[in-house]
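Please look over the sequence and the model shown below. The report that follows takes up the aromatic rings and then turns to the overall fold.

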Amino acid sequence: MKHLTCKTLLFIVMAFSFVRASGQQAKAFEKVMFTAKTGTGKLLRLAYADGYIGASEITLKVRQRPAQLFVPVSGVPEPNGDLLFRPRSGGPKTGIILHGISDENAAPEIIKGIYNDGKVRWTLTFQRSGT
């Protein structure tokens, strides 16, 4: 009986280890951080998913309000290199377009873009940041 209990315990430990290991999948991309500021001092942070553009996110922080999160409309840039981001929650007119995006090249040092909410339009220059 003791021998059977040890085998059972060993089986459970091995099965748990296998399940845990299979649940941890390797990321196919690396997040590269960029920041941009508008002329009015609003801060935008771009988490650029180098290797899988569709996992990128832009956060817009305005004073005391909660940060607004923008996500790509599609997982791939347009043929001209534009990638459109829309807020996860918010108006359909609001958007950020990044220019010169490519799935085939490594993350650039600078990314140009435009913010437009139907009332305000900002030209953006995202620069790599350490965080």
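## Aromatic pairs

Across the whole structure, which is a predicted model, a search finds three aromatic pairs. In one of them, the ring centres of Phe-70 and Tyr-115 are 6.3 Å apart and the ring planes stand at 75 degrees, so this pair is edge-to-face. Because Phe-70 belongs to strand β4 (residues 68-72) and Tyr-115 to strand β7 (residues 110-116), the pair ties together parts that are 45 residues apart in sequence.

Both partners are shielded from solvent: Phe-70 is buried, with a relative accessible area of 0%, and Tyr-115 is buried as well, with a relative accessible area of 5%. Tyr-115 also pairs with Trp-122, and here the ring centres lie 4.3 Å apart with the planes at 20 degrees, so the arrangement is stacked. Trp-122 counts as buried too, at 13% relative accessibility, since the cut-off for that class is under 20%. Together, Phe-70, Tyr-115 and Trp-122 form one aromatic cluster.

## Fold and surface

The protein contains one helix and eight strands, and, read from the N terminus, its elements follow the order α-β-β-β-β-β-β-β-β. Of the contacts between residues at least 6 apart in sequence, 31% join residues that are at least 24 apart.

Of the 131 residues in the protein, 27% are buried. The protein exposes about 9000 Å², and carbon and sulfur atoms supply 58% of that area.

Definitions and conventions: Residues numbered from 1 in each chain as written. Predicted model: local features only at pLDDT ≥ 70, side-chain atom pairs only at ≥ 80, totals over all residues. Heavy atoms only, no water. Helix = DSSP H or I, 4+ residues; strand = E, 2+ residues; numbered from the N terminus. Buried < 20%, exposed > 50% of the residue type's maximum accessible area, 1.4 Å probe, protein only. Contact = heavy atoms within 4.5 Å. Areas by Shrake-Rupley, 256 points an atom, 1.4 Å probe, with all protein chains shown as cover. Phe/Tyr/Trp six-rings, centres within 6.5 Å; stacked < 30°, edge-to-face > 60°.
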